[in-house]
Amino acid sequence: MARYYDVHPENPQPRIIGQVADLIRGGGLVAYPTDSCYALGIQLGNQDGLDRIRQIRQLDDRHHFTLVCRDFAQLGQFVQISNSVFRLVKASTPGSYTFILPATREVPRRMLHPKKRTVGVRVPRHTVTQALLAELAEPLVSSTLVLPGDDEPMTQGWEIKERLDHQLDAVLDAGDCGKEPTTVIDLSGPEPEILRRGAGDVSRFE
């Protein structure tokens with residue numbers, strides 16, 4: 001059964017954040033809030049966790065997992081950013097964007113797109129996500145919490161606990177954080193490609 005943590009959305013309790021971070025470091029899979037709906041999160045390098053997320057969401061090996069980073073500097077350790085891309089990404093972070101970029105050697109191979117060698121990265125605004133990332137001192141490997149057959153991501157912590165109780169180790173509930181996922185922009189080619197229109201404004205990428 002998943003542990004259930006009710007956390008304040010603006011002033012998250014440090015004790016709870018610490019307990020969830022310890023669970024993640026111990027190989028746990030958690031559902032947590034972001035500024036663009038809830039997500040599934042594991043520690044970088046947790047191979048079993050990747051398989052669990054793929055099983056829950058029924059994903060194939062072409063799915064782009066996302067490294068959710070605390071800030072722009074941390075993001076830069078894991079992806080290769082050219083000068084032109086640098087300005088675009090810098091102007092859009094933190095925010096409701098996921099960027100697809102060529103990965104550095106810091107990213108485990110199993111996380112990469114099998115042909116492109118790319119990975120998703122984002123820097124969220126949500127206070128609880130930022131507190132968790134600060135406690136972990138490393139990115140969270142994440143995937144939007146939308147279940148097979150559902151049209152929209154899950155938005156209520158209690159419902160996540162109810163439906164995925166035996167597939168997760170913890171649910172971090174900070175209340176409703178919206179159901180619109182991030183805007184996904186592929187910046188790995190010569191021109192930006194909008195893969196998913198979501199919460200982030202796409203005008204600067206068109």
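Colleague: Which way do strands β3 and β7 run against each other, and how many bridges join them?

Modeller: Start with the general idea. Strands of a sheet pair through backbone hydrogen bonds, either parallel or antiparallel. This is a predicted model. In it, β3 (residues 38-43) and β7 (residues 140-144) run antiparallel, joined by five bridges.

Colleague: What is the strand order of the whole sheet?

Modeller: The sheet is open and has ten strands. Read across, the order is β1-β8-β2-β3-β7-β4-β6-β5-β9-β10, and the pairing is mixed.

Colleague: Why is one side of β1 and of β10 left without a neighbour in the sheet?

Modeller: β1 (3-6) and β10 (193-196) stand at the edges, and each has a single partner strand, so one side of each has no neighbour in the sheet. On average, neighbouring strands of this sheet are turned by 30 degrees against each other, direction ignored.

Colleague: Which strands does helix α1 lie across?

Modeller: Helix α1 (residues 14-25) lies across β1, β2 (30-33), β3, β7 and β8 (170-173). The helix runs at about 145 degrees to β1. Helix α2 (residues 47-57) lies across β3 and β7, at about 155 degrees to β3.

Colleague: Which residues is Met-111 in contact with, leaving aside neighbours within four places in sequence?

Modeller: Met-111 is in contact with Leu-44, Leu-50, Phe-65, Leu-67, Thr-118, Val-119 and Val-141.

Colleague: Is Cys-37 buried or exposed?

Modeller: Burial is read from relative accessible area, and under 20% counts as buried. Cys-37 has 0%, so this residue is buried. Cys-37 is found in the loop between β2 and β3. Ser-96 is 59 residues from Cys-37 in sequence, yet their C-alpha atoms are 9.9 Å apart in space.

Colleague: Where does UniProt place the feature "domain: YrdC-like"?

Modeller: The UniProt record, an unreviewed entry, places this feature at residues 14-200. That span is 28% helix and 22% strand, and its end C-alpha atoms lie 29 Å apart.

How values were computed:
Residues are numbered from 1 along each chain as its sequence is written. This is a predicted model: local features need pLDDT of at least 70, side-chain atom pairs count only at pLDDT 80 or more; totals for chains, interfaces and linings use all residues. Side-chain values use heavy atoms; hydrogens and water are left out. Two strands pair if DSSP finds at least two bridges between them. Helices (H or I, at least four residues) and strands (E, at least two) are DSSP runs, numbered from the N terminus. Axes are lines fitted to C-alpha atoms, for helices over the stretch in contact, and angles run from 0 to 180 degrees between N-to-C directions. Contact means heavy atoms within 4.5 Å. Buried means under 20% relative accessible area, exposed over 50%, partly exposed in between (1.4 Å probe, protein chains only). UniProt positions are given in the numbering used here, feature names are shortened, and annotations may be inferred rather than shown by experiment.
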